[in-house]
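Subject: Structure handover

Hi,

Here is the structure for you to look through. Please open it first, then read my notes below.

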Amino acid sequence: MTPTATHEPQRLAPWLAGLPLAAVLWVLLYAHLTEIADLAIAALGLSRATHLGEAVHFFLYDTPKVLLLLTGIVFLMGVIQTFFAPERTRALLAGRRLGVGNAMAASLGIVTPFCSCSAVPLFIGFVSAGVPLGVTFSFLIAAPMVNEVALALLLGLFGWKVALLYLGLGLLVAIVAGLVIGELKMERHLEDWVRAIHLGEATAASGSDQRWPERLHAGLKHVREIVGRVWPYVLIGIGLGALIHGYVPEDFMAAFMGRDVWWAVPTAVVLGVPMYTNAAGIIPIVEALIGKGAALGTTLAFMMSVIALSAPEMLILRKVLKWPLIATFVAVVATGILLVGYVFNLVL
């Protein structure tokens with residue numbers, strides 16, 4: 001047996017022991033986040049029936065969820081990246097016909113029921129793998145806004161016509177917004193450390209010359225570099241979202257959402273941006289607003305801005321993107337959401 005053959009099992013052994021244990025712990029934690037948050041709320045003597053209790057519960061549930069997703073996805077992307085050079089990944093997607101990569105990314109978003117902050121880890125992973133920027137934005141928009149949770153709830157509450165129209169318009173917003181951002185060539189507005197990864201400068205050698213211990217170590221290094229930079233922004237973003245989530249002013253919003261005036265839709269979008277929840281969390285609010293007389297298009301525009309343009313998401317993205325790119329993202333998506341709101345109000 002060669003020295004290399006005897007050396008590799010010794011290096012691989014700790015990974016073979018540690019990775020299954022880490023995976024089991026990850027799954028157990030992720031599967032019981034609600035129960036853990038409930039126990040923490042009870043230990044603090046709070047009740048979810050109060051604004052404070054609901055805000056604290058939201059923070060205790062969403063923070064570990066996003067950090068777990070961020071760690072797991074970034075690790076996997078780091079390992080996968082050792083098999084595919086960034087140049088190859090970029091060529092694969094960039095070489096497709098205009099819009100095909102965006103449509104693929106937006107479609108992937110349908111089957112990933114993430115809130116906006118939970119979608120950010122995959123967004124970072126795509127960027128670090130060299131996926132074109134516009135394509136990654138199509139996913140970032142579609143994942144929280146157009147997923148099976150939102151569609152199932154809309155179907156049950158408002159019927160198949162509303163659900164189907166929402167699906168079509170939501171995908172259209174994600175695809176067109178990604179195309180526009182891609183055409184603007186704004187890669188220079190990625191943060192320097194992200195641009196270095198995106199351009200392949202920070203990538204280890206890839207291909208068959210690496211052994212599994214080296215690939216796994218590359219995944220761990222990816223976690224240290226990315227999660228180590230982003231986690232404070234995750235805490236700040238979710239903290240802000242938790243405060244707003246616990247104090248949603250339904251009566252105030254319903255008062256103007258039912259008015260047949262042109263400014264109702266943009267006002268609803270502006271009010272939705274500071275708030276933060278996922279599709280499952282916002283649908284009951286949408287139902288309550290409509291029950292109080294709010295127009296369907298105006299209410300759905302509010303819903304889309306909450307789950308696709310949340311302020312907490314912007315805070316987390318700020319560690320990855322520079323302000324001009326964030327502002328462009330918000331402007332392009334907000335324009336699409338406004339059109340969706342007006343279309344719904346016009347045809348329904």
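The notes below go from confidence to the overall fold, then to one residue.

This is a predicted model, where local features need pLDDT of at least 70, side-chain atom pairs count only at pLDDT 80 or more, and totals for chains, interfaces and linings use all residues. Residues are numbered from 1 along each chain as its sequence is written, and side-chain values use heavy atoms, with hydrogens and water left out.

Confidence first. The mean pLDDT (the predictor's confidence in each residue, from 0 to 100) is 77 for the protein. Of its residues, 77% reach 70 or more. Among the elements, helix α2 (residues 33-43) has the highest mean pLDDT, 93. Helix α4 (residues 86-94) has the lowest, 53. Helices here are DSSP runs of H or I with at least four residues, strands are runs of E with at least two, and both are numbered from the N terminus. Residues 201-206 stay under 50 in pLDDT.

Now the fold. The protein has 17 helices and zero strands. It has 348 residues, and 47% of them count as buried. Buried means under 20% relative accessible area, exposed over 50%, and partly exposed in between (1.4 Å probe, protein chains only).

Last, one residue. I326 lies in helix α17 (residues 323-347). Is I326 buried or exposed? I326 counts as buried because its relative accessibility is 3%. Leaving out residues up to four places away in sequence, I326 touches M314, L317, R318 and L321. A contact means heavy atoms within 4.5 Å. I326 and L190 are 136 residues apart in sequence, yet 9.6 Å apart in space, C-alpha to C-alpha.

Best wishes
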